[in-house]
Amino acid sequence: MDSFVADAIFIDAPPERVFAAITEPLDLLAWMEAETAVVDMFEGGSYRVEKADGSTVSGTVTVYELDERLELGDYYHEDESGRRGPMSVQFLLEFRDGGVWLTVRQDGLDAQPDWVPF
């Protein structure tokens with residue numbers, strides 16, 4: 001059975017600002033507490049973030065709809081305990097009530113039998 005987590009949050013900001021926070025390298029450094037972020041924002045592009053704790057997340061951009069939707073496939077999380085994945089992550093932005101509802105869904109969490117989401 002494929003497991004997933006999903007959550008949504010209302011952000012009082014324009015869609016272009018929220019989208020930048022998940023796609024722009026400088027914003028990713030702050031949001032993900034990262035040391036480096038390399039992103040190629042086009043379908044088929046790469047997404048790689050090296051976090052301050054030594055872990056990395058990486059994937060391939062499978063859907064890129066400016067200010068509306070970002071999906072990453074072949075998404076992996078690597079740290080000293082090993083490599084987790086492949087997973088997929090979806091970011092959906094819905095402009096409402098003067099701000100943005102951001103929904104994030106991560107699929108494939110049970111890609112390894114001993115993995116527990118954190």
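Two strands pair if DSSP finds at least two bridges between them; strands (E, at least two residues) and helices (H or I, at least four) are DSSP runs, numbered from the N terminus. In this predicted model, local features need pLDDT of at least 70 and side-chain atom pairs count only at pLDDT 80 or more, while totals for chains, interfaces and linings use all residues. Residues are numbered from 1 along each chain as its sequence is written, and side-chain values use heavy atoms, with hydrogens and water left out. An open sheet of seven strands has the order 1-7-6-5-4-3-2 and pairs in the antiparallel sense.

**Sheet and helix**

- The edge strands of this sheet are strand 1 (4-11) and strand 2 (34-39), each of which pairs on one side only.
- From one strand to the next, the twist averages 20 degrees; angles run from 0 to 180 degrees between N-to-C directions, and axes are lines fitted to C-alpha atoms, for helices over the stretch in contact.
- Helix 1 (residues 15-23) lies across strand 1, strand 2, strand 3, strand 4, strand 5, strand 6 and strand 7. Its direction is at about 170 degrees to that of strand 6.
- In a regular strand, side chains alternate between the two faces of the sheet.

**Strand pairs**

- Strand 1 and strand 7 are antiparallel and share eight bridges; Ala8 has Thr103 in strand 7 as its bridge partner.
- Nine bridges link strand 6 and strand 7 in the antiparallel sense, and Ser88 has Asp107 in strand 7 as its bridge partner.
- Strand 4 and strand 5 run antiparallel and are joined by eight bridges; Thr56 has Glu78 in strand 5 as its bridge partner.
- Strand 3 and strand 4 pair over five bridges, again in the antiparallel sense. Glu50 stands opposite Thr56 in strand 4, and Val49 stands opposite Val57 in strand 4.

**Hairpins and backbone geometry**

- The hairpin of strand 3 and strand 4 has four residues between the strands, and Gly54 in the turn has a positive phi of about 95 degrees.
- Three residues lie between strand 4 and strand 5 in their hairpin, where Asp67 in the turn has a positive phi of about 65 degrees.
- Strand 6 and strand 7 form a hairpin with two residues between them. Asp97 lies in the loop between strand 6 and strand 7 (99-107) and has a positive phi of about 55 degrees although it is not a glycine.
- Asp97 has a relative accessible area of 69% and is therefore exposed (exposed means over 50% relative accessible area, buried under 20%, and partly exposed in between, with a 1.4 Å probe and protein chains only).
- Asp74 lies in strand 5 (residues 69-79); its phi is near 45 degrees, a positive value in a residue other than glycine.
- The peptide bond from Gly85 to Pro86 is cis, with omega near 5 degrees, and Pro86 lies in strand 6 (residues 82-96).

- Ser55 is placed in the loop between strand 3 (46-51) and strand 4 (56-65).
- The relative accessibility of Ser55 is 2%, so Ser55 counts as buried.
- The side chains of Ser55 and Asp53 are joined by a polar contact of 2.6 Å. A polar contact is a pair of N or O atoms within 3.5 Å; within protein, one must be able to donate a hydrogen and the other to accept it, and residues adjacent in sequence count only if both atoms are side-chain atoms.
- With neighbours within four places in sequence left aside, Ser55 is in contact (heavy atoms within 4.5 Å) with Val49, Glu50, His77, Glu78 and Asp79.

**Largest pocket**

- The largest pocket holds about 840 Å³ of space. On a 1 Å grid over the protein atoms alone, a pocket is an open set of points where a 1.4 Å probe fits, with protein on both sides within 12 Å along at least five of seven lines. Grid points are joined across faces, edges and corners, and a volume is the space filled by probe spheres set on the points.
- Of the 32 residues that line the largest pocket (lining residues have an atom within 4 Å of a point), the closest to its centre are Trp31, Met32, Tyr75, Val104 and Gln106.
- At least two lining residues come from each of strand 1, helix 1, strand 3, strand 5, strand 6 and strand 7. Strand 1 gives the most to this lining, with six residues.
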